[in-house]
Amino acid sequence: MGEAAARGRKSIGAKRNPESADAIIEAAEAVLREAGYAGFSIEAVARRARAGKPTIYRWWPSKAALLIEVYQRQKRVETPDTGNIEDDLAGFLKNLFAHWRDSPSGNIFRSLIAEAQSDETAAAALAEYSKGRRAHTGRMIERAKARGEVAADVDAEIVADLIASFAWRHLLTKRLDEDEAAIRAAVRYITRGIMTA
């Protein structure tokens, strides 16, 4: 179906029409709820959103790119700012594990990581998403640097990768019920390596 079939929505070319984009993302969420990751397809989203596949592919170059946007829209993870790097990182991981465990987001992200192992477009979409997340997590390290808590020469993005690797391992092995003491122990190993003397 082309854009003309969408009631009241008009294509505005390569630039996203917010109304159409919202309808597509809502349709993607509905398809995921009903069919799961295995049954998710751009065709099913296009049918439900009454949008043309070319429009979807113009705004999201792959299924994975659309799924990452769905994931980001659903993600609600608080990043603490307690004034203490260990508390910030432990709180962040605790919140992230709870979000992955208690919402569909964990299954979506686990499936995206799995697909990225054999699909180049999924790998590219995941790598692009990870860059933004690395910078976001790295801000906790930069705040700690500004407080004089972390050594000035520490690379915040490498520390963010270490935190992400710990989180992703727990997601992929379905160990999201880790207790706070275990999370804090892991964070302590990392923070001991980056804190000022």
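**Burial, contacts and pockets**

Mentor: This is a predicted model. Start with Ile 163, which sits in helix 8, spanning residues 156-172.

Trainee: Is Ile 163 buried or exposed?

Mentor: Buried means under 20% relative accessible area. Ile 163 has a relative accessible area of 2%, so Ile 163 is buried.

Trainee: Which residues does Ile 163 touch, not counting residues up to four places away in sequence?

Mentor: Contact means heavy atoms within 4.5 Å. On that basis Ile 163 touches Leu 89, Phe 92, Leu 93, Thr 137 and Ile 190. By contrast, take Tyr 57, 106 residues from Ile 163 along the chain: the two C-alpha atoms are separated by 33 Å.

Trainee: What volume does the largest pocket have?

Mentor: About 270 Å³. Its lining has 18 residues, and those closest to the centre are Arg 133, Arg 134, Ala 160, Ala 164 and Trp 168. Helix 5 (85-102), helix 7 (120-146) and helix 8 each give two or more residues to this lining. The largest share, seven residues, comes from helix 8.

Trainee: How do the residues of that lining divide into nonpolar, polar and charged?

Mentor: The lining of the largest pocket has 11 nonpolar, three polar and four charged residues.

Trainee: Which element gives the most to the lining of the second largest pocket?

Mentor: Helix 1, with three residues. Helix 1 (18-35) and helix 6 (105-116) each supply at least two. The second largest pocket holds about 160 Å³ of space, and its lining residues include Glu 29, Arg 33, Tyr 37 and Asn 107. By class, this lining has four nonpolar, three polar and two charged residues.

How values were computed:
Residues numbered from 1 in each chain as written. Predicted model: local features only at pLDDT ≥ 70, side-chain atom pairs only at ≥ 80, totals over all residues. Heavy atoms only, no water. Helix = DSSP H or I, 4+ residues; strand = E, 2+ residues; numbered from the N terminus. Buried < 20%, exposed > 50% of the residue type's maximum accessible area, 1.4 Å probe, protein only. 1 Å grid on protein atoms, 1.4 Å probe; cavity = no way out; pocket = protein on both sides within 12 Å on 5 of 7 lines; lining within 4 Å. Points joined across faces, edges and corners; volume = space filled by probe spheres on them. Nonpolar A, V, L, I, M, F, W, Y, C, P; charged D, E, K, R; others polar.
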